[in-house]
Amino acid sequence: LALAYGGATGHLAIIARSRGLPALVAVGGGLLDLDNGRTVLLDADNGRLLADPDSAQIEAARSLLRKREANRVARLASAAQPAHTLDGVEIEVAGNIADREEAEIALHNGADGIGLLRSEFLFMERDQRPSAAEQQTAYQAILDTMAGRPTTIRTIDIGADKPVSYLTLAKEDNPALGVRGIRLSLADDALFDDQFGALLSLTPLTKLRLMVPMVAEVSEVVRVKARIDQLAEQLGLKERPQFGVMIEVPSAALMAEQIAQYVDFFSVGTNDLTQYTLAMDRCNPDMAARLDQLHPAVLRLLAMTVEGARKHGKWVGVCGGAAGDRQAIPLLLGLGVSELSVAPPMVAEVKELVRSLDREHCAAAMAGILQLESAAAVRAEVLRRWPQCGRHGNGEE
């Protein structure tokens with residue numbers, strides 16, 4: 001897939017990644033001038049689209065594809081096994097999905113669970129909202145598919161680059177900063193009760209992790225928990241799912257210690273956290289090359305999140321793009337993240353990389369890395385310390 005515009009963390013790019021589809025974004029308007037039927041070579045590793053490659057270039061690409069397929073098959077042989085670091089720390093590696101089909105792909109690739117079910121895809125490409133019964137059926141099918149593995153379902157995150165026509169949302173000049181995520185759920189009682197009621201009706205609730213997006217302040221968490229308690233009482237529930245929030249707004253990272261009192265876990269959405277921290281639109285092609293989740297400012301917010309959670313004995317996962325970024329993984333482990341949730345085709349590769357890292361070594365390096373001045377400096381230091389984190393898994397960048 002090659003796009004003239006867009007960004008690497010926009011939702012079309014995320015869908016492509018979840019399907020293992022090589023993709024380029026923000027190639028530029030010249031892409032649209034290529035004639036239909038023209039042969040091109042798409043090199044997503046190096047961000048290039050080569051028009052009219054010669055036979056030697058095509059054969060080199062085919063050879064690389066054969067090598068990668070052999071590596072993929074080899075990884076799958078151990079993909080179902082837990083991912084332990086060299087010093088014996090188990091890291092949960094889960095899948096980011098949108099539906100049951102992707103849950104099956106995640107399982108095939110060795111996922112320990114689902115770290116992010118994007119429930120909004122149940123609401124999109126239709127002319128009316130799904131009923132509570134329809135939602136329950138769809139969610140239960142995924143829980144059943146995961147066969148006792150933990151499943152994290154994020155409540156609806158409509159808005160910004162994911163609009164729907166049947167929700168009467170006012171036109172916003174800045175939708176990424178407007179009524180989206182938990183703000184929308186709290187503003188629409190029927191939407192909230194249908195979705196949360198469907199989620200609380202799932203079985204077994206002990207394997208469900210319920211997660212709300214776009215939290216910016218403690219009061220939102222308190223309101224959501226109070227309404228969940230009311231719905232649970234109406235349903236006569238004796239058990240509850242784990243309850244967590246996404247850390248994707250800088251204020252939530254800064255207030256992590258206060259929020260952690262009310263939740264069971266955090267999951268960091270690094271795509272939005274990066275765009276809000278750097279004030280760069282994740283869908284703006286002019287910002288695509290600069291929107292780097294390894295910017296030291298983003299890493300410092302991650303460190304604050306983990307520290308705030310740790311003070312209350314809560315765990316932290318990452319379900320944003322950083323979890324699948326080879327150069328980010330030693331940093332996330334070093335900060336104390338215990339779950340990485342990635343596109344299903346990447347699960348086995350991430351597990352393999354985790355097994356090559358020593359968490360204590362990663363942690364010891366973080367003090368110096370957090371003092372660096374740019375994302376480029378961070379990436380250079382990662383490759384110096386952990387060459388296996390190169391793009392191709394052998395130190396080759």
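Let me begin with the aromatic rings, since a search of the whole structure finds two aromatic pairs, where rings of Phe, Tyr and Trp (its six-membered ring) pair if their centres lie within 6.5 Å, and planes under 30 degrees apart count as stacked, over 60 as edge-to-face and the rest as tilted.

Before I go on, a word on the model: it is predicted, so local features need pLDDT of at least 70 and side-chain atom pairs count only at pLDDT 80 or more, while totals for chains, interfaces and linings use all residues. Residues are numbered from 1 along each chain as its sequence is written, and side-chain values use heavy atoms, with hydrogens and water left out.

Why are Phe-192 and Phe-196 separated by about one helical turn? Because they are four residues apart in helix 6, residues 189-200; helices here (H or I, at least four residues) and strands (E, at least two) are DSSP runs, numbered from the N terminus. Phe-192 counts as buried at 3% relative accessibility, and Phe-196 is buried too, with a relative accessible area of 0%, where buried means under 20% relative accessible area, exposed over 50% and partly exposed in between, with a 1.4 Å probe and protein chains only.

Then there is the pair of Phe-265 and Trp-315, whose ring centres are 4.8 Å apart and whose planes are at 10°, so this pair is stacked. It links distant parts of the chain, with Phe-265 in strand 9 (residues 265-268) and Trp-315 in strand 10 (residues 315-318), 50 residues apart. Phe-265 is buried at a relative accessible area of 1%, whereas Trp-315 is partly exposed at 22%.

That brings me to the interior. In soluble globular proteins, nonpolar side chains tend to be buried together. In this model, the largest nonpolar core has 91 residues, and those with the most contacts inside it are Val-245 and Phe-266; a nonpolar core is a set of buried Ala, Val, Leu, Ile, Met, Phe, Trp, Tyr and Cys residues joined through side-chain atoms within 4.5 Å. Helix 11, residues 296-310, gives the largest share of this core, seven residues. Leaving aside neighbours within four places in sequence, Val-245 is in contact (heavy atoms within 4.5 Å) with residues including Met-211, Val-221, Ile-259 and Phe-266.

Turning to Asp-43, which has its place in strand 1, residues 40-43, we find that this residue counts as buried at 16% relative accessibility. Beyond its neighbours within four places in sequence, Asp-43 is in contact with Leu-24 and Arg-48.

Now to the loops. Val-179 is found in the loop between strand 6 (151-154) and helix 5 (182-187), and counts as partly exposed at 36% relative accessibility. Leaving aside neighbours within four places in sequence, Val-179 is in contact with Ile-158, Glu-172 and Leu-184.

Which residues does a cis peptide bond join? Thr-203 and Pro-204, with omega about -5°, and Pro-204 has its place in the loop between helix 6 and strand 7 (208-212). Ala-26, although not a glycine, has a positive phi of about 55°, and is partly exposed with a relative accessible area of 26%. Ala-147 also has a positive phi, near 50°; this residue lies in the loop between helix 4 (132-146) and strand 6, and counts as exposed at 57% relative accessibility.
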